[in-house]
Amino acid sequence: MSSFGFISSNLEIKFLILYIAARVVEPVPFETLQELSMCDGGVDYFGFSESLADLVRTEHLTLADGMYAITDKGRRNSAVCESSLPYSVRMEAERKLALCNEQLRRRALVKTAVLPRDGGGYEVSLSLRDELDELMDLRLLVTRQDMALELQKRFRDRAEELYAKILADLYEHD
């Protein structure tokens, strides 16, 4: 384990992982949990991996379909132990969590799918929601898969902007 940082033991890494897992808005894969946990020089890959496996084994976290989620047991223990984490580590974790949770929430609101059609071509399904309702559900037909994938990518990257442009174009007076 690295000698630089406030985290100095596997127990503290476990506290940090539980702290993060209790605050992330949905189950996340290993890589996301690892990225969020690398907020102190004392956390290294091997210590993180070992601690994460222990938390699953002790049923503080669950692992299903490659996604980690906190259990009630983990949430209770996290609440008890979070004050053991240094303030600066918690603040850095909170900063990273804010960005991650924003991305997770947005991903939940922007949905896309590419489906091959029996008669040829591809259907690109694009939808945008807000917290209350579906704002837009658009289905496009294209002839090639590369076109479909490009439309899917562009919509994911700029869904809100595209929605605003469609509304502006529909409201435009000649």
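Contact means that heavy atoms lie within 4.5 Å. This is a predicted model, in which local features need pLDDT of at least 70, side-chain atom pairs count only at pLDDT 80 or more, and totals for chains, interfaces and linings use all residues. Residues are numbered from 1 along each chain as its sequence is written, and side-chain values use heavy atoms, with hydrogens and water left out.

**View 1. Surroundings of threonine 71.** Not counting residues up to four places away in sequence, threonine 71 touches Glu59, His60, Leu61 and Thr62. Threonine 71 sits in the loop between β3 (67-70) and α4 (72-81); helices (H or I, at least four residues) and strands (E, at least two) are DSSP runs, numbered from the N terminus. Its relative accessibility is 15%, so threonine 71 counts as buried (under 20% relative accessible area, with a 1.4 Å probe and protein chains only).

**View 2. The open sheet of three strands.** The strand order is β1-β3-β2, with antiparallel pairing; two strands pair if DSSP finds at least two bridges between them. β1 (28-29) and β2 (61-64) are at the edges with a single partner strand each, so one side of each has no neighbour in the sheet. β1 and β3 are joined by two bridges, and proline 29 stands opposite methionine 67 in β3.

**View 3. The largest nonpolar core.** A nonpolar core is a set of buried Ala, Val, Leu, Ile, Met, Phe, Trp, Tyr and Cys residues joined through side-chain atoms within 4.5 Å. This one has 29 residues, and Leu16, Ile17 and Ile20 are among those with the most contacts inside it. α1 (10-21) is one of the elements that give two or more residues, and α1 gives the most, with eight.

Terms used
Buried < 20%, exposed > 50% of the residue type's maximum accessible area, 1.4 Å probe, protein only.
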